[in-house]
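Dear colleague,

Please find below the structure I am handing over to you. My findings follow it.

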Amino acid sequence: MKLIQSALFGALLGFCGTMLHNFNQPIGLILSLILTYIGFKVVGQKFIYLRYQVIAAASWLALVIRASTPWSGDEILITGNTFGNLFLLGGFTAIIISMFKSRSKFS
């Protein structure tokens, strides 16, 4: 059950970040990166093991990659502009930092 919950939570974070990053150009991007970082810190505290964080990160990445490719109607949610590229790179960096920052050796 935790496996499904972590995958759904990662997809929810990816969806919210995707919709938020184009909201108000500099502010929406910053808010989406903060949301991604805090969301993955919550995943780390709710599901203590690293494997659930990796599953949530894979779910986030799958959704974000799907949102950045053209669909059947040629719509793209994450465009290849500066803010789209910063969201992809910054979001993945925020996930990696939130996964490994302040991780205890004993947990």
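**Findings on the helices and a surface patch**

Ile 38 is found in helix H2. Please note that the model is a predicted one. With a relative accessibility of 46%, Ile 38 counts as partly exposed, because that class lies between the cut-offs of 20% and 50%. Ile 38 also belongs to a nonpolar surface patch, together with Ile 27, Ile 30, Leu 31, Ile 34 and Val 42. The accessible area of these residues together is about 510 Å².

Helix H1 comprises 19 residues, and the distance from its first C-alpha to its last is 26 Å, close to the 27 Å expected at 1.5 Å a residue. Its buried residues are Ser 6, Gly 10, Ala 11, Leu 13, Gly 14, Gly 17 and Thr 18. Viewed down the axis of H1, these residues fall within an arc of 160°, so they line one face of the helix. They pack against H2, H3 and H4. On the face of H1 turned away from this buried side are the exposed residues Ile 4 and Leu 8.

Helix H3 (residues 50–67) has 18 residues, which should span 26 Å at 1.5 Å a residue; the end C-alpha atoms of H3 are 26 Å apart, in agreement with this. Buried in H3 are Tyr 52, Gln 53, Ala 56, Ala 57, Ser 59, Trp 60, Val 64 and Ala 67. Because they cover an arc of only 160° around the axis, they lie on the same side of H3. The buried residues of H3 pack against helix H1 (2–20), helix H2 (25–46) and helix H4 (82–100).

Yours sincerely

Technical notes: Residues numbered from 1 in each chain as written. Predicted model: local features only at pLDDT ≥ 70, side-chain atom pairs only at ≥ 80, totals over all residues. Heavy atoms only, no water. Helix = DSSP H or I, 4+ residues; strand = E, 2+ residues; numbered from the N terminus. Expected span 1.5 Å × (residues − 1). Buried < 20%, exposed > 50% of the residue type's maximum accessible area, 1.4 Å probe, protein only. Arc of directions from axis to C-beta. Contact = heavy atoms within 4.5 Å. Patch = residues over 30% accessible without salt bridge, like charges linked within 9 Å, V, L, I, M, F, W, Y side chains within 5 Å. Areas by Shrake-Rupley, 256 points an atom, 1.4 Å probe, with all protein chains shown as cover. Salt bridge = Lys/Arg side-chain N within 4 Å of Asp/Glu carboxyl O.
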